[in-house]
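Please keep the sequence and the structure in view while reading.

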Amino acid sequence: MAVALTMARMKVAMLRHAFHGTRAQTAGTGAALGALLAAGTVYLAFTDPDLPAAGYAVWLLGWILGPIFMGGGDETLRPEYFSLLGLPPRRLAAGLLVSAFVGVAPLVSLTALLGLLVAGVRLGVANALVAVPAMVLQLAVFVLLSKVSVAVVGLALRTRPGAIASGVLNGAILAALGQIWVFFVVFGQTGVPAAVWYLPSGWGLLAVRGEWWALGALALLALLLLGAWAALLSRRAGAARPSTRGRRPMRAATANGAIVAKELRTWSRDLVRNHQLTFALSYGVCFAASPLILGWAGMLPYAGPIFIVMAAAMTANLYGTDGTALWLTLLTPSASDVRGRQLAWLSAHAPVAIVLTVAFTAVTGGPWPLILALLPALLGGAAGLVPLVSVYGLVPGTDPHRRAGNPLRTSEDDGGLTGLAYLMLALVLLTGAPAALAALRYGWAGLAVGVVTGVLCYWGFGLLTERRLRSHGPELLDVMRTGHKPRTTVKSRFEQLSKTQKTIAWWCFGFGAIPLVPQGIVAAVFVADGMLRHSWFLATYMPPGLRYPVAAAFAALGLAMYGTGVWVVTPRSSR
Amino acid sequence: MTPALEISRLTKRFGGKLAVDAIDLSVPPGSFFGLVGQNGAGKTTTLSMAVGLLRPDDGSARIFGEDVWSAPERAKAMVGVLPDGLAMPERLTGREVLTYLGLLRGLDKEVVARRAEDLLAVLELDGAEKTLVIEYSTGMRKKIGLATALLHAPRLLVLDEPFEAVDPVSAATIKTILRGFVAGGGSIVLSSHVMALVEQLCDHVAVIDRGTVAAAGTLDEVRGARSLEETFVELVGERDSGVKELSWLSR
């Protein structure tokens, strides 16, 4: 136990050093969101007895799939740190397990597991007493299942077939979860499926409800998982080795061509990227195809668009995963790294997306205008947003040659990575919105809109990224080298402003949305739909010739307010 | 004559710590310039700022008269850099890295192929034709880094610890290459904490201590009649007592 406690203390010390600046903010946001979910789960314990079982099933899946989706799970204490100590694998695993209880995620989960105590108290004293060990064992099972699944995927990622297989499997599981309603309909379920009681996540509740065997089963499972993890830990020595078969010679003849060639080789040789690509593909196909079980093919054409959005989310930290290799870009300012990466992203993803979309839409026979409008809009949007988001929201990664035995772990800040992935999901969806709306309303005109917004996003976001790299390149390199962002965040910059500037900024950011959204955009939509004299939308009260100009003027005012706000808080560059 | 590298009043602060304190240095063209100092003295920070990889809080750096920050394209075309411990395009082979970087530097495809061939052969990396950079040993990483620095035939080389983890045979090769580079009119700035190496190679030397220049000039001006190591220890070494021993290590 002494080893375990030392490790736990070591982790506390490391977390104390790590949680500063942006990482503290992401951790704080994560903890707040988690606390909200935990409170929701505990609340379930006061209601229907079936609901908490379903709730804990979701927590279990979160523990298993979350780290595989992004960041490879918490690895503040890497097993490699202890490889020279000669600890037996079981003791090492036990120590790492104890230290794995230290952290935000386990604490949040433990809070959620308070629901067991609530359920116990409602049933009687004995049940309440059982709830306490049940909570601990349940948490141990969560943590261990997470560690074992990450270790198994990590092993699979050492070979190309393994990487592809685990990508396909994980994508399918996540898609099935997203489409769980399909399975409910199939099984004629209306409430919570009884199966959730027999998942390991339900055993704690079973124990609390008087099925004492479940407590023993939890303990046994925890022991078995600990043994499995110990066995897997001893196999993880050494980093993943890419295959060393014959290499095709690089035939590029220009700077741009060279960047594309470099990126495409990375796409095909890096097994983590292989895994991400197949994950996105499998997710798109399974998500869109699962309603086929019900005999409904209406979602099938969306497999391609879903693949694009998911693939963009997986590559949200494009620059961060390459780490400090950015120095080469800084030293060759005349070559355009961004355009090359955009082209490479498209070459790796567009053919798959196009084939998938055309084939599946042909199967269902439509709706062609909508799907074909979405395709260029999303492809252009993603190829523009991926470099932009990865530069503006850069999460410092671990340099590829310094990564430890867990290939999924590309950064120490997995909270930041996950946030970035979700941000990318939302932003890429937004870039598809104009084309989709136009296609729904005007049919084939949507295709033109899709092509235009796609090209604009590709060109414009690429340009913004280039500018940012040019103006902030050394700062980005510094973030990657030190692993943390400088502490001069927006907040402290804001504090340096004068009182007048602060007031102006507050007004601009606080109220810019009012002219822009309701009085501008929404009012214009009402005018277009002929909904006149509508509540407080000024443009709808205007005489015919002035309606659009008034809405446009409001929108312009809103944009100008945001522009002023940004201009006020932007630090004047010192150089 | 325009200095190959001119650093004036470069300053960098990390948090509350002043890492580099208004350093001035001038590297004459055609010189082999050694930068020596203890760990953490500010050598890497100074060199990073001098080539445009780290933004200084104050001061400027010029390469053959071109400001690194206001005319980066012209300045960076004239310099080859070997940074310490930074990543490379890891999933490429050595030859691919050189091809990629040569094209990025705007060189012609055939020229790149020829130079890559030469560099790989001279640095004995051509045996590892199928090995990706991520699988390279530390010494091999240094060598491929040096190859990328030399590829576009720059007029100035800035090398951060070029001999660390390099085996003696390769080190001899690298020394020959570097001497040839200087003999051909090139200039080199090199940082190291191996005094013997600096004495052997360099004609100019600067001693960096706690972010400032403790001494600078030609090798003979700095070391006088003594060895560089003695001068160095006197300049930056422990001012108080001698070195403590670990009594519990002896049986």
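Between them, chain B and chain A bury about 3,800 Å², and 62% of this area is on carbon and sulfur atoms. On the side of chain B, the residues that lose the most area to chain A are B:Arg55, B:Arg91 and B:Leu104, which together make up 19% of what that side buries. The model is a predicted one, and the values below should be read with that in mind.

**The interface between the chains**

Counted by residues, 38 of chain B are in contact with 45 of chain A. Five salt bridges are counted between chain B and chain A, and eleven residue pairs are found in polar contact across this interface, with both residues at pLDDT 80 or more. Several elements of chain B each supply at least two residues to the side that touches chain A, namely helix H1 (43-51), strand E4 (58-63), helix H2 (72-77), helix H3 (94-104) and helix H5 (138-150). The most is given by H3(B), with six residues. When the residues on this side of chain B are sorted by class, 19 are nonpolar, seven are polar and twelve are charged.

**Salt bridges**

Side chains of opposite charge can pair when their charged atoms come close.

| Residue | Partner | Closest N and O atoms |
|---|---|---|
| A:Glu263 | A:Arg273 | 3.7 Å |
| B:Arg91 | A:Asp270 | 3.5 Å |
| B:Glu90 | B:Arg141 | 2.7 Å |

Where do A:Glu263 and A:Arg273 lie in chain A? A:Glu263 is in helix H11 (residues 255-269) and A:Arg273 is in helix H12 (residues 271-289), so this pair ties together parts that are ten residues apart in sequence. Both A:Glu263 and A:Arg273 are buried. These two residues also belong to a network of salt bridges that links A:Lys262, A:Glu263, A:Arg273, A:Asp322, A:Asp337 and A:Arg341.

B:Arg91 lies in the loop between strand E6 (79-82) and H3 of chain B, while A:Asp270 lies in the loop between H11 and H12 of chain A, so the pair joins two chains. Are B:Arg91 and A:Asp270 buried or exposed? Both B:Arg91 and A:Asp270 are buried.

The salt bridge of B:Glu90 with B:Arg141, at 2.7 Å between the closest N and O atoms, lies within chain B. Here B:Glu90 is in the loop between E6 and H3, and B:Arg141 is in helix H5, so the pair ties together parts that are 51 residues apart in sequence. B:Glu90 is buried, as is B:Arg141.

**The domains of chain B and chain A**

Chain B is divided into domain 1 (1-78 + 155-251) and domain 2 (84-153), and the centres of these two domains, taken over C-alpha atoms, are separated by 24 Å. In this chain, 15 residues of domain 1 are in contact with 14 residues of domain 2. Domain 1 and domain 2 of chain B bury about 1,200 Å² between them, 68% of it on carbon and sulfur atoms. In domain 1 of chain B, B:Leu157, B:Ile174 and B:Ile177 lose the most area to domain 2, together 27% of what that side buries.

How many salt bridges are found across the interface of domain 1 and domain 2 of chain B? The rule finds zero salt bridges there, although four residue pairs are in polar contact across this interface, both residues being at pLDDT 80 or more. On the side of domain 1 of chain B that touches domain 2, two or more residues come from each of H2, strand E7 (156-160) and helix H6 (168-183), and H6(B) gives the most, with four residues. By class, this side has eight nonpolar, two polar and five charged residues.

Chain A is divided into domain 1 (2-233), domain 2 (255-487) and domain 3 (499-569). The C-alpha centres of domain 1 and domain 3 of chain A lie 47 Å apart.

**A buried threonine**

A:Thr357 has its place in helix H16 (residues 337-364) of chain A. This residue is buried, with a relative accessible area of 0%. Leaving aside residues up to four places away in sequence, A:Thr357 touches A:Pro301, A:Gly304, A:Pro305, A:Ile371 and A:Leu375.

Definitions and conventions. Residues numbered from 1 in each chain as written. Chains lettered and ligands numbered in written order. Predicted model: local features only at pLDDT ≥ 70, side-chain atom pairs only at ≥ 80, totals over all residues. Heavy atoms only, no water. Contact = heavy atoms within 4.5 Å. Buried area = accessible area lost by both parts, 1.4 Å probe. Salt bridge = Lys/Arg side-chain N within 4 Å of Asp/Glu carboxyl O. Polar contact = N/O pair within 3.5 Å; in protein donor to acceptor, adjacent residues only side chain to side chain. Nonpolar A, V, L, I, M, F, W, Y, C, P; charged D, E, K, R; others polar. Domains from an automatic or database assignment. Buried < 20%, exposed > 50% of the residue type's maximum accessible area, 1.4 Å probe, protein only.
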